[in-house]
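Hi,

Here is the structure I said I would pass on. Have a look, and then read my notes on its pockets below.

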Amino acid sequence: MNLLLISAVFSIVGAVLAICTYKAANVAKFFGCIFGILAACAAIGAGIVGITGAQSMSVATPFAFASFSLRIAPLSGLLLIVINVLALMAWIYGLSYFDEYKKRGVGAIGMFMNFFIISMNMVLTVDNAFWFLVFFELMSLTSYFLVITEQNKQSVHGGFLYLVMAHVGFLMIMIAFLIMAATTGSFEFEVFRNTEFSPAIASIVFLLGFAGFGCKAGMFPFHSWLPQAHPAAPSNVSSLMSGGMIKIGVFGMILVGLDLLGSCDCQLWWGLTILTIGAISSVLGVAYALDEHDIKKLLAYHSVENIGIILLGVGIGFIGVAIDQPVLAGLGMMAGLFHLVNHAMFKGLLFLGAGSVLYSTGTRNMNILGGLTKVMPVTSVCFLIGSLAISAIPPLNGFVSEWFTYQSLFTAAMDNGPLIIVFCAIAAVALAITGALAVTCFVKAYGVTFLGAPRSEGARKAREVPGSMLVSMIVLAVVCVCLGVGAPWITPYIEGIATSVTQGAPIVVAGAVESVNPALGSAISTPLLACLLIVCILLPLAFRAAFRSGGMARDRDPWACGYLPTADMPVIATTFGSDVKMFLSPLYTARDAIVSTSAGFSAAFQKTVRGTDKAQSWGDRFLVDPIAALVSLTSRAVARIEGGNHRVYILYIVGALVIFLILAVLL
């Protein structure tokens, strides 16, 4: 707990120093990043300590309902590690990347980013509804100001949409907490945990919490802000928001459904609802991503997809709790939490890679890129690792958590009644479709951006990014590999956190190197897979080297039916996967209709604001102004009494005495 408080102090000091030195951009950047790095390291330490067991503390405040209670449980400890690993990499990345923002206020970015991170840490650890809402709002406001850093039309529009959706979610969460507070007479989470709410109240609270936190998570149908806001923010902020902040939405769902309502019976339809929304989100997210040529917008849509995959595992966890199957509950929750960790790492890596491309070329449009592998080799390799991980290619981390998700779906479909079988079968099909489309999408993203010949002057003049940016990407790439290859050693820790949430039974044999899930009769060894894949790659290269005749291979222009190749011949992002996009055209039509509706909502909101301004002027004219004029007239009349003549003042006193004497006689 002390480490968490130390982290908060470092963040506050960094924020204050960054804004106080805003006129000296380099100094502001230094203070913001260095203190941010220190704060992230301390918070990672607090998370590691929290995983080993719950810790709590409480500080009294002047308000009895708002005691400042903190609690680090295994789940919040895991999220602390995830978010602050991303924060650490984002700050290191920013040591060079923030040079691009010197004219836009590096000091302000340093301040808002430090407060953004501390607010996320506090949301994960506060144990009082009032303070939870305070820090949740602080998280939304600070991230909003980071989104609108560029101050262009896209960032302002994306920031406005994000702010609206964030407050819609905040309102629903607040109502859920107020219902529980009204029932228990307290805002303390510990009181909520020990109260057995009626089934009706529990269901209302769950729905409000699920929808409210779903807005923050970016799940369907509350996902429209995500592809608008995330691309607009600085790339290391996008990494934090997509890799870290939206996971707080998942944390909130688990907090409300299985922790705060832990004394109530978890109902089956809660899990089925989460499973359904997860399936829809996963398919729609990747389908919409396939249609994008803006690399950051593509990655933002993939956050919707991966939130859907996380919700598939979480939904199975809820179902297992509802039907009293501890192994199923633990397996599903482990799949969801493992994918939560994995998505944070590879999505953080991909956004940093996209930021490096933007930093070096000045564009996010994949159609005018290409050929970056030769001039940005480290960025290219790191982005490739992230692309393979998010596409669930073994033995990387995305494959492991998706494999667990399949296992949980298949297990839930066995001997659990026709309703669960139907839902799990549909979810498994949705996950399979999602995986296929994700591979297609990232073949496009990597191939069109990094391979082939440059298609613009910016791509031809691109250079590798500075060292601090490379360090951040390399570290996250290594983490993605380690989480995959090292899954047999890492899985038991994730299992322990999952079972602490669901009160489930042990699933994985701790320390098993040869398998990660022997309890269900299915086993896989990611270290063995890695060895086999390395052999499969090295053998063809060895044969080629042994039997190659002639000199060294030379780069040649591609065959173009006898014509000289031109820059517009290669496949670009717009044309890649056109057959798939044609098949999915009804989904794009529906999305465009929703976007137009949201645009109409925005226009209506602006008209309402203008109408409110007019109504306010009418009120000033006919109500406030007359009263103000009367007060002013009275004040001037009273002011005449004070003429400055002492003899007149004595006369006032004598007159007052006479009046008081008369009143005394009469009364």
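**What lines the pockets**

By class, the lining of the largest pocket holds 21 nonpolar, 11 polar and 6 charged residues. Here Ala, Val, Leu, Ile, Met, Phe, Trp, Tyr, Cys and Pro count as nonpolar, Asp, Glu, Lys and Arg as charged, and the others, Gly among them, as polar.

Bear in mind that this is a predicted model, where local features need pLDDT of at least 70 and side-chain atom pairs count only at pLDDT 80 or more, while totals for chains, interfaces and linings use all residues. Residues are numbered from 1 along each chain as its sequence is written, and side-chain values use heavy atoms, with hydrogens and water left out.

A pocket is an open set of points on a 1 Å grid over the protein atoms alone, where a 1.4 Å probe fits, with protein on both sides within 12 Å along at least five of seven lines; lining residues have an atom within 4 Å of a point. Volume is the space filled by probe spheres set on the points, which are joined across faces, edges and corners.

The largest pocket has about 650 Å³ of space. Its lining is made of 38 residues, with Leu 258, Asp 259, Ser 500, Val 501 and Gln 503 nearest the centre. H10 gives the largest share, 6 residues (helices are DSSP runs of H or I, at least four residues, numbered from the N terminus).

The second largest pocket comes to about 420 Å³. Ile 51, Leu 78, Ile 81, Val 341 and Leu 483 are the closest to its centre, out of 18 lining residues. That lining has 17 nonpolar residues, 1 polar and no charged, and H3 gives the most to it, 5 residues.

Definitions and conventions: Helices (H or I, at least four residues) and strands (E, at least two) are DSSP runs, numbered from the N terminus.
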